[in-house]
Number of protein chains: 4
Amino acid sequence: MSQYQDLKQACYDANMQLPKLGLVLFTFGNASVVDRAKNVFAIKPSGVPYDTLTPEDIVIVDFDNNIVEGKKRPSSDTKTHALLFKQWPEIGGIVHTHSTYATAWAQTQTDIPILGTTHADHLTTDVPCAPPMADELIQGDYEHQTGWQIIQEFERRGISPTEVEMILVGNHAPFTWGKTVEKAVYNSAVLEEIARLAYLSCTLRPEVPRLKDALIRKHYERKHGANSYYGQ
Amino acid sequence: MSQYQDLKQACYDANMQLPKLGLVLFTFGNASVVDRAKNVFAIKPSGVPYDTLTPEDIVIVDFDNNIVEGKKRPSSDTKTHALLFKQWPEIGGIVHTHSTYATAWAQTQTDIPILGTTHADHLTTDVPCAPPMADELIQGDYEHQTGWQIIQEFERRGISPTEVEMILVGNHAPFTWGKTVEKAVYNSAVLEEIARLAYLSCTLRPEVPRLKDALIRKHYERKHGANSYYGQ
Amino acid sequence: MSQYQDLKQACYDANMQLPKLGLVLFTFGNASVVDRAKNVFAIKPSGVPYDTLTPEDIVIVDFDNNIVEGKKRPSSDTKTHALLFKQWPEIGGIVHTHSTYATAWAQTQTDIPILGTTHADHLTTDVPCAPPMADELIQGDYEHQTGWQIIQEFERRGISPTEVEMILVGNHAPFTWGKTVEKAVYNSAVLEEIARLAYLSCTLRPEVPRLKDALIRKHYERKHGANSYYGQ
Amino acid sequence: MSQYQDLKQACYDANMQLPKLGLVLFTFGNASVVDRAKNVFAIKPSGVPYDTLTPEDIVIVDFDNNIVEGKKRPSSDTKTHALLFKQWPEIGGIVHTHSTYATAWAQTQTDIPILGTTHADHLTTDVPCAPPMADELIQGDYEHQTGWQIIQEFERRGISPTEVEMILVGNHAPFTWGKTVEKAVYNSAVLEEIARLAYLSCTLRPEVPRLKDALIRKHYERKHGANSYYGQ
């Protein structure tokens, strides 16, 4: 039996949540889980439909994109996952989808403005949208560069991947992550709902103002602060 | 066996309606039921997913926010519920959700205008949207102040919680209530549909006029007047 | 056993299609079926939820609004149905809903413009929207007047209820009908989809032109003309 | 047993996917499969509801619209399918629907602009929208002319049906195709999602720019190029 059995199962379980939560059509998405002790991660194979996917199909890859175990080709987005896991040691799982409203925002190359407490319960900034990649990078090692595109956007903005667990890649689609892959999946569904709420508010009243700072801080502290009092 | 068993069950049943009616994502909502004889109310525990919730998880709280029975921490919105139950003796249940269209309106800090008879069948005014709270109140006892924000908005407008059983808290989300918690749940679904209809009408024709007074009065009287003739 | 058993069953079956087709929330809708030999029609009782409705609950009413059989109070819209059945001998069933997109159009008091062949497959005109009723009529016998509002709008426009089997009552919601109640239910779902398509086209491109006459005639003839070749 | 049994079954299976994927209301759609060795294709019968459809109902037709086998009348769009199969020997299956967002775009007579990588993963051009047919053609052999309308639009634009496997027929609705009918069905669902994403992006930010060329080429090459690395 594989030493990665549990890792594969966790990755499988997370991937199967994506269609259940209405976040993927066909194979447009993937989830990965890291094992920090072994320096590998498990990821969905490329192009395999969710209704035929099994835990045995999951591929084990190291942070330099080498396949460690698995008979199938890993997700075409594997190099993006690998770089994020390598550069951001705090994160335990990554989810990529083309969920409808988040992707529609990414297509407009615009941050999702923070407009309400649903958003502020999860992050205190706008949802960042990284600008499209420079042409010479696209023609190079594209998925690896997508990882750098994300990381450098966080550096440019001075935000941290433990505070902001989601990004829109301009013209493409969202990536989310978290301490665990369950959190990454949760963030993916939350991002889609935030994106939908903001779409509705912005089309209803284009000049809608951002949420004021006192409310941003309050709601985030309620859930994430030192004196947080949400949950058990 | 607890003396609050029936109250807990009623609260559990009401909470379980919310995901079924498509009004909550994950744990973004809660319902409460009051027992006026015992001066307590039952409320959902904080952050417990609906698919693992049991009647035993429900928490019993008094109107001054003391936990009377229950092993879990009550909803983070408990103080808002407590104040409404204390100040408004006519109401029997309260529901809070982040339902999509109602929340999108709350994010725009705008009343939902009364545009049709679907709305007028339930209330004769626009759905009020309370302006965001002053910063010093946010930094204080926030959820308690949210209760005052709601109550004072009703006083300012000269409307009564038995006539208007719903409000949008600006930048946040809706609260609804009713004589019973079943009515509060019903109002929550009605509000979401009213909000959706108004969103569609306003994006289709931004200058859409409010419903004329004669129709407002007629439809409300049909369902709620002295000579009402709707229902059995 | 009642002589109206089959009529009640047909009415029950038609009503149960409405929630299944996503056209009603709670009790916001009703379907009726006429028996032309007996000069009565069967209609849903008022305010009874669909999940507890039984064929025995259905009420039999004559064209002057007298209850012929049934223990429950008939739909509050009964007088509208009665007048349409009385004035329009060609029709066999009527459906009233507050389906979302059709109602949103009714709230804007605007006809739904004919923009494509999905619409033209069913009618060759815009979907008419009757202007809101005069105040003195609202305060009188409102539901009876709603029937006149519909009939007079058809007369004013010179259209016939066998050619155009649907209308929006301004500020209120749609009514549809047909030779049979099954056709009326079908028309209700078609209207909702036509209304949704037109909403999307009009918000995407506000100056979208109406469908040209040659296409209107062709698609309608395909399904309804003397040489129709759609269906078996 | 019919020599076309497998062909009928494949056609039946493809048609049954359409309501399952949410692409058709009632009978508003049809799928066909070709047998290149026998120069015939299988197509859905006209106006038969999906829930009563059986493989035996499927009709076998040749490229000149003669019925080869089958007791039912074939789809009213049969002549369009026949011409596409005759003129485009590379394609194996065709799907026609009135799916909501794609049809809403067709009603505006506008190409769906390429705005993101979800689109570019499938085609490198805007989704073409053929202008409405000239009046004299509409009054003639309409469905046959619809086939020419599609083919001539591809010629006019200098695009090939193996590179672009979808079109909007202006004022009408989409057609998709593929090497197999499974691919045609897949393309139909992909087109609907692309149309929905573009609707949302365009209503959120009307001046949204088209995707830049480097990204278009990269994403398409990833899936379809000589060195494609998507899928197994």
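Predicted model: local features only at pLDDT ≥ 70, side-chain atom pairs only at ≥ 80, totals over all residues.

User: Okay, how many residue pairs are in polar contact between chain C and chain D?

Analyst: For this count, both residues of a pair need pLDDT 80 or more. Between chain C and chain D, that gives 17 residue pairs.

User: Which helix of chain C gives the largest share of the side that touches chain D?

Analyst: Helix 4 (117–120), helix 7 (181–204) and helix 8 (213–224) of chain C each give two or more residues to that side. The largest share is 12 residues, and it comes from helix 7 of chain C.

User: How many salt bridges does the rule find across the interface of chain C and chain D?

Analyst: The rule asks for a side-chain nitrogen of Lys or Arg within 4 Å of a carboxyl oxygen of Asp or Glu. D:Asp135 and C:Lys212 form such a bridge, with their closest N and O atoms 2.9 Å apart. Across the whole interface of chain C and chain D, the number of salt bridges is 3.

User: Let's switch to chain A and chain B. What is the area buried between them?

Analyst: The contact takes 36 residues from chain A and 36 residues from chain B. In chain A, the residues that lose the most area to chain B are A:Leu200, A:Leu204 and A:Gln232, together 20% of what that side buries. Carbon and sulfur atoms give 57% of the buried area, which comes to about 3100 Å².

User: Which residue of chain B forms a salt bridge with A:Arg222?

Analyst: Across the interface of chain A and chain B, the rule finds 3 salt bridges. In the one with A:Arg222, the closest N and O atoms are 2.6 Å apart, and the partner is B:Glu143.

User: What kind of rotation axis relates chain A and chain B?

Analyst: Chain A superposes on chain B (RMSD 0.0 Å) by a rotation of 90° with 0.1 Å of shift along its axis. The two copies are thus related as by a four-fold rotation axis.

User: And why do the copies meet through different surfaces?

Analyst: Look at how many interface residues of chain A are also interface residues in chain B. The copies meet through different surfaces because that share is only 6%.

How values were computed. Residues numbered from 1 in each chain as written. Chains lettered and ligands numbered in written order. Heavy atoms only, no water. Least-squares fit on C-alpha atoms with pLDDT ≥ 70 in both. Contact = heavy atoms within 4.5 Å. Polar contact = N/O pair within 3.5 Å; in protein donor to acceptor, adjacent residues only side chain to side chain. Helix = DSSP H or I, 4+ residues; strand = E, 2+ residues; numbered from the N terminus. Buried area = accessible area lost by both parts, 1.4 Å probe.
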